[in-house]
Amino acid sequence: MENEQLSNSTIFPLGDKVQANFTGDAYLKMVFTDPEPLNTAIGNVTFAPGARNNWHAHQVGQVLLVTGGKGWYQEEGKAARLLLTGDVINIPPNVKHWHGATKDSWFVHLAMTPGATEWFEAVDDEWFDQL
Ligand code: MN
């Protein structure tokens with residue numbers, strides 16, 4: 001999908017293309033950063049169809065607020081969960097997981113992340129294609 005269409009479909013700005021730890025085309029705009037006292041960053045993440053982030057874990061956890069499209073959230077060892085607009089996902093600390101768009105839909109979420117993120121391997125095509 002064209003960037004303009006993606007940008008028009010989301011509440012917050014599209015931002016810049018993500019260069020690392022993702023497969024496919026994804027865009028990030030940090031909409032809030034406040035080290036003190038909240039210690040939380042909020043990013044608007046827009047995924048083109050089929051785009052997803054690598055397996056990763058958040059030291060303090062993460063909250064995803066879905067603002068558009070259709071996506072997947074999967075914790076290691078569990079079935080992938082389909083995400084739709086309005087879904088709120090609470091990701092516990094140190095749980096290995098990934099999130100991204102479905103094969104045929106763009107996907108937009110806000111990600112609220114206090115603390116650091118540890119990145120692991122990519123979600124390979126063979127795995128993703130089984131969803
Ligand atoms: Mn995450």
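How are the donor residues of the manganese ion spaced in sequence? The pattern is H-x1-H-x3-Q-x34-H-x1-H. This is a predicted model.

**The metal site**

Five residues coordinate the manganese ion at 2.2 Å: His56, His58, Gln62, His97 and His99. Each histidine uses its NE2 atom, and Gln62 uses OE1. The site brings together distant parts of the chain: His56 sits in strand 6 (residues 56–58), while His99 belongs to strand 10 (residues 97–101), 43 residues apart. Both His56 and His99 are buried.

The largest nonpolar core has 14 residues. Those that touch the most other members are Phe47, Leu64, Tyr73, Leu83, Ile89, Ile91 and Phe107. Strand 4, strand 7 (62–75), strand 9 (88–91) and strand 11 (107–114) each give two or more residues to this core. Strand 7 gives the largest share, three residues.

Leu64 touches Val88, Ile89, Ile91 and Leu110, among others. Leu64 also touches His99, one of the residues that coordinate the manganese ion.

Phe47 lies in strand 4 (residues 40–47). Phe47 has a relative accessible area of 0%, so it counts as buried.

A separate core has five residues, including Trp55, Trp72, Val123 and Phe128.

**The surface**

Ile11, Phe12, Val31, Phe32 and Leu38 make a nonpolar surface patch of about 430 Å². Phe32 is found in strand 3 (residues 26–34). With 31% relative accessibility, Phe32 is partly exposed.

**Salt bridges**

The structure holds five salt bridges. Three of them are listed here.

| Pair | N to O distance |
|---|---|
| Arg52 and Asp125 | 2.8 Å |
| Glu76 and Lys96 | 3.6 Å |
| Lys96 and Glu121 | 3.2 Å |

Glu121 lies in the loop between strand 12 (117–119) and helix 2, 25 residues from Lys96. Lys96 is buried, with a relative accessible area of 19%, whereas Glu121 is partly exposed at 41%.

Methods: Residues are numbered from 1 along each chain as its sequence is written. This is a predicted model: local features need pLDDT of at least 70, side-chain atom pairs count only at pLDDT 80 or more; totals for chains, interfaces and linings use all residues. Side-chain values use heavy atoms; hydrogens and water are left out. Donors are N, O and S atoms within 2.8 Å of the metal (3.2 Å for Na, K and Ca); water is not among the atoms, so sites may look incomplete. Helices (H or I, at least four residues) and strands (E, at least two) are DSSP runs, numbered from the N terminus. Buried means under 20% relative accessible area, exposed over 50%, partly exposed in between (1.4 Å probe, protein chains only). Patches are made of residues with over 30% relative accessible area and no salt bridge: like charges are joined within 9 Å, nonpolar side chains (Val, Leu, Ile, Met, Phe, Trp, Tyr) within 5 Å. Accessible areas come from the Shrake-Rupley method with a 1.4 Å probe; for residues, only the protein chains shown count as cover. A salt bridge is a side-chain nitrogen of Lys or Arg within 4 Å of a carboxyl oxygen of Asp or Glu. A nonpolar core is a set of buried Ala, Val, Leu, Ile, Met, Phe, Trp, Tyr and Cys residues joined through side-chain atoms within 4.5 Å. Contact means heavy atoms within 4.5 Å. Lists of a residue's contacts leave out its neighbours within four places in sequence.
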